[in-house]
Amino acid sequence: MIPLSDDNPTLRSPVITYLFLGAIGATWVLVQGAGLNPTVLAASVCNLGLVPGELTGLAPEGFPVQIGQGLACVVDREPINTFTPLTSMFLHGSWSHLLGNCLFFWVFGNNVEDSMGRLRFIVFYIVCGLAAAAAQVMVDPSSPIPMVGASGAISGVMGAYLLLYPRVRVNMLFIFIIFFKIIPLPAWMVLLYWFGLQVITGLPQLNSLSAEGGSGVAVWAHVGGFVAGLVLIKFFEKPRLTRQRSGWRHRLHPDHP
């Protein structure tokens, strides 16, 4: 299932959503070489990705982690490690990783931004991303494997969307072998299914003490970010904006819930 759009218009242009998408895209091209050079991509992930064991000091210095043919990340004690919970939010491991995150952010981010205002949305997004990183570190504090991706912060946006607009219809693309169909589903169904999938996927990783996938995407960061979004949205939401948006949506889609 792939979200394509929702029936949830915005009151004004989602400038911050555009800026975050632009920053993520610029990082992929300028810092990570658009994934065209494996050495450049590996260096960005190793040096700017979040390594739980480097933050906690529990991973042995000099320990190598293979991330590609003839390429390995080596655990170090560089000062930049302190900032990797933030820098890792703008990095990705592949084109599919990047485009998938950007699509989810495009569908859900503009509505959440529109419900709290631009400055609040900046803080909300970053705090959710940091909460996601903290959740991943707590699950496996000695892990030497780098974690990258905006998905932790975007998960927080999705958690906020669930509480703000649970009945809004999300147009989902279903793909079955060669058959394609777009089906509108209520947001609560889409988002709870997605969250449940993350938890189910993550539970075996708790037992194996290997919380990250080989791509550097951490499932428990998704869970942590989503929960952070659920908890924080009522502190960041502007009820006046939410009411205005709901009224505008009902005028455009009077037969929708």
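Modeller: Before we start, helices here are DSSP runs of H or I with at least four residues, strands are E runs of at least two, and both are numbered from the N terminus. Also keep in mind that this is a predicted model.

Colleague: Fine. How many helices and strands does the protein have?

Modeller: The protein runs to 257 residues, and buried ones make up 49% of them. Going by those DSSP runs, the count is ten helices and five strands.

Colleague: Where is the place of Q244, then?

Modeller: Q244 pairs up in space with L11: the two are 233 residues apart in sequence, yet their C-alphas are 8.0 Å apart. As for its own element, Q244 falls within residues 239-252, and that stretch is helix α10.

Colleague: Is Q244 buried, exposed or partly exposed?

Modeller: Buried needs a relative accessible area under 20%, and exposed needs over 50%. Q244 comes out at 37%, so this residue is partly exposed.

Colleague: And S94, where is that found?

Modeller: S94 has a relative accessible area of 28%, so it counts as partly exposed. S94 itself is found in the loop between α4 (84-87) and α5.

Colleague: On to the cysteines. Which residues form a disulfide?

Modeller: The structure holds one disulfide. To count, two cysteine sulfur atoms must lie within 2.5 Å. The pair with sulfur atoms 1.7 Å apart is C46 and C73.

Colleague: Which parts of the chain does the pair link?

Modeller: C46 and C73 are 27 residues apart, so to speak a link between distant parts of the chain. The two elements are helix α2 (residues 38-48), holding C46, and strand β3 (residues 71-74), holding C73.

Colleague: Is that disulfide of C46 and C73 left-handed or right-handed?

Modeller: The thing to look at is the torsion about the S-S bond, about -80° for C46 and C73. That value is why the disulfide is left-handed.

Colleague: Is C128 buried or exposed?

Modeller: The cut-off for buried is under 20% relative accessible area. C46 at 14% is buried, C73 at 4% is buried, and C102 at 17% is buried as well. C128 has 0% relative accessibility, so this cysteine counts as buried.

Colleague: Which residues have the most contacts inside the largest nonpolar core?

Modeller: In soluble globular proteins, nonpolar side chains tend to be buried together. The largest nonpolar core here has 43 residues, and the ones with the most contacts inside it are F124 and Y125.

Colleague: Which element gives the most to this core?

Modeller: At least two residues each come from α1 (15-31), α5 (95-116), α6 (118-139), α7 (151-164), β4 (169-176), α8 (187-208) and α9 (219-236). With eight residues, the one that gives the most is α7.

Colleague: Which residues does Y125 touch, not counting those up to four places away in sequence?

Modeller: A touch here means heavy atoms within 4.5 Å. With residues up to four places away set aside, the list for Y125 is F20, I24, F105, A150, A153, I154 and V157.

Colleague: What about gaps: how much space lies in the largest cavity?

Modeller: A search of the whole structure turns up two cavities of 30 Å³ or more. The largest has 16 lining residues, with A132, M147, G149, G152 and A221 closest to its centre. Its lining divides into ten nonpolar, six polar and no charged residues. The space in this largest cavity is about 80 Å³.

Colleague: Which residues line the second largest cavity?

Modeller: This one has a volume of about 30 Å³. By class, its lining has one nonpolar, two polar and three charged residues. By name, they are R12, S13, P14, N110, E113 and D114.

Colleague: Last one: how much space lies in the largest pocket?

Modeller: Of the 19 residues that line the largest pocket, M1, G100, F104, W194 and Q198 lie nearest its centre. The elements giving two or more residues to that lining are α5, α7 and α8. Eleven of the lining residues are nonpolar, eight are polar and none is charged. The space in the largest pocket is about 370 Å³.

Definitions and conventions. Residues are numbered from 1 along each chain as its sequence is written. This is a predicted model: local features need pLDDT of at least 70, side-chain atom pairs count only at pLDDT 80 or more; totals for chains, interfaces and linings use all residues. Side-chain values use heavy atoms; hydrogens and water are left out. Buried means under 20% relative accessible area, exposed over 50%, partly exposed in between (1.4 Å probe, protein chains only). A nonpolar core is a set of buried Ala, Val, Leu, Ile, Met, Phe, Trp, Tyr and Cys residues joined through side-chain atoms within 4.5 Å. On a 1 Å grid over the protein atoms alone, a cavity is a set of points where a 1.4 Å probe fits but cannot get out, and a pocket is an open set with protein on both sides within 12 Å along at least five of seven lines; lining residues have an atom within 4 Å of a point. Grid points are joined across faces, edges and corners, and a volume is the space filled by probe spheres set on the points. Ala, Val, Leu, Ile, Met, Phe, Trp, Tyr, Cys and Pro count as nonpolar, Asp, Glu, Lys and Arg as charged, and the others, Gly among them, as polar.
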